[in-house]
Amino acid sequence: MGVLIMVGQVILGLSILIVLHELGHFLAARAFGIKVEKFYLFFDAWGVKLFKFNYKGCEYGIGWLPLGGYVKIAGMIDESMDTEQLKGEPQEWEFRSKPAWQRLIVMLGGIIVNVIVGVVVFWMLLFKMGTTDIKIDQLVNGIVPGEIGKSIGLQTGDRILAIDGTKIENYSDLISSKLLMGGVDLTVNRAGAETKIHVPADILNTIADKKDEKFIEPRMRMTGLAATQPGSEAVKMGLVKGDSIIAVDNMPISFFDQLKDQLKTKVGKTVELKLIRNGQEQTLKGTVPADAILGFNVNPDYSIKTFTVQYGLLESLPLGAKRAFTVITDNAKGFGKIFKGEIRADKALSGPVGIAQLFGTEVDWVRFWSLVGMLSMALAFMNLLPIPALDGGHVVFLLIEMIQGKPLSEKFLEKAQMVGFFILLALMVFIFGNDIFKLFK
């Protein structure tokens, strides 16, 4: 059932984005009196259609190949490679008969709509949810690095003060793209002395390999148990809600990370837990499972206080827009790192399988719309790349036409479209193959 929910979410999310993207082209074409012959969600490859109907001279439908969608604009060389109508004289309702500036707007229509959708989604999420964070000075006990954090030299208890000399105000700065993109220096307070930790430029390769590992976490004091999980080792040992564990095999425990570290060294062995229950000290024994998880939840560390900021409708618009455009700048930086060789393409790129995993096996509408907003901006960025067959390729050709004062030849555009098609085909094969390899790996 979880897999069906995951697949359903990714199909719904991508369908929304594809329809809106193509609607941008459709509305711009209609605004300039250009005929649109087809409007399809998914590709009707080899003429196979799941559903179709005609309305006012345009065929609307759903194809069987869920790799995108398209609008077929009369008098335009596109991925369909249908050049028959181009053999006749240009008609006033055809794409090719319109001024270059109008054709440019038509080609940018989908990208513009994707940007608008991304901004609106982030705007509404920020207006509805606000932002919840932790002031950095609340983390008096520092952080706990995961495997990735340890690999660059961070240690338990470190207090990160600045990134490239810029003072950190909130915890969210420590898990921001500025840090995780790498190539920055951290100023760290370690046992009262300041030291520098370099985050390597290729850290995203490590993050991709250990995607289930957190970079860092706030260091939390060991608090009372909030609940035990039915059938778990915790229940078998006799642990109950409210217990406070203070030692493992006589090793004092003050922080939750200390408990986890001790349990990892005791896998398969019998351990003795010392705890406080109703003000009385008790001792319980049990065997540590293979995953080193006894099966209980702990209460939050109330000494670390979170804060939430709510924003008004207009106040949240520029902040939402900033978040949306950060997706584009992060994508641009990511591609730059790929071309520099700092990030491996197979680590950085994900297709539908990777996207589906982000949606998860449970419906969380905040996460769903956050991902839709992120994907909308990523789709805008990808379509703006100057690759023939993508909107960006058409935009480049139109800009050349406007500069030189005459259009490029139809033969050149046909060949460029074919080259772009094969580039995209190779890219899709690579991404799908990479997704499948990572799934099995």
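1. Before we start, one term: a strand here is a DSSP run of E, at least two residues long, and strands are numbered from the N terminus. With that in hand, find Y55, which sits in strand β2. Keep in mind as you look around that this is a predicted model.

2. Let's stay with Y55 for a moment. Is Y55 buried, exposed or partly exposed? Its relative accessibility is 47%, so Y55 counts as partly exposed; the exposed class begins over 50% and the buried class lies under 20%. Across the pairing, the bridge partner of Y55 in β3 is C58.

3. Now the strands around it. β2 and β3 run antiparallel and are joined by 6 bridges. Strand β1 (residues 36-43) also pairs with β3, but this time the two run parallel, with 4 bridges. As background, strands of a sheet pair through backbone hydrogen bonds, either parallel or antiparallel.

4. How much of strand β3 is buried? In this strand (residues 58-63), 5 of the 6 residues are buried, so it is mostly covered by the under 20% cut-off. The hairpin of β2 and β3 has 2 residues between the strands, and there K56 takes a positive phi near 50°.

5. W46, V48, L50, F51, F53, Y55, I62 and W64 make a nonpolar patch of about 900 Å². Which strand gives the largest share of the nonpolar patch? That is strand β2 (residues 49-55), with 4 residues.

6. You'll find W46 in the loop between β1 and β2, and its relative accessible area of 78% makes it exposed. Its phi is near 55°, a positive value in a residue other than glycine.

7. Compare that with A389, in the loop between α11 and α12 (391-404). A389 has a positive phi too, near 90°, and again the residue is not glycine. A389, though, is buried, with a relative accessible area of 16%.

8. On to the inside. The largest nonpolar core has 22 residues, and L154, I160, L174, L186, F215 and I216 touch the most other members. The elements giving two or more residues to this core are β7 (159-163), β9 (184-190) and β10 (193-199), and β9 gives the most, with 3 residues. A second, separate core holds 19 residues, including V115, F335, I343 and I431.

9. Leaving aside residues up to four places away in sequence, F215 touches P145, G146, I148, G149, I152, L154, L174, L179, L180 and I203.

10. Helix α10 (residues 352-359) is worth a visit. Its buried residues are G354, I355, A356 and F359. What covers them? Among the elements doing so are α1 (2-31), α11 (365-383) and α13 (410-440). Just after α10, G360 takes a positive phi of about 85°.

11. Finally, there is an open sheet of 4 strands in the order β14-β13-β15-β16, with antiparallel pairing. Which are the edge strands? They are β14 (251-252) and β16 (280-287), and each pairs on one side only. Strand β13 (residues 244-248) is joined to β14 by 2 bridges, and A247 stands opposite P252 in β14.

Note on methods. Residues numbered from 1 in each chain as written. Predicted model: local features only at pLDDT ≥ 70, side-chain atom pairs only at ≥ 80, totals over all residues. Heavy atoms only, no water. Buried < 20%, exposed > 50% of the residue type's maximum accessible area, 1.4 Å probe, protein only. Contact = heavy atoms within 4.5 Å. Core = buried A, V, L, I, M, F, W, Y, C linked by side-chain atoms within 4.5 Å. Patch = residues over 30% accessible without salt bridge, like charges linked within 9 Å, V, L, I, M, F, W, Y side chains within 5 Å. Areas by Shrake-Rupley, 256 points an atom, 1.4 Å probe, with all protein chains shown as cover. Salt bridge = Lys/Arg side-chain N within 4 Å of Asp/Glu carboxyl O. Pairing = 2+ DSSP bridges.
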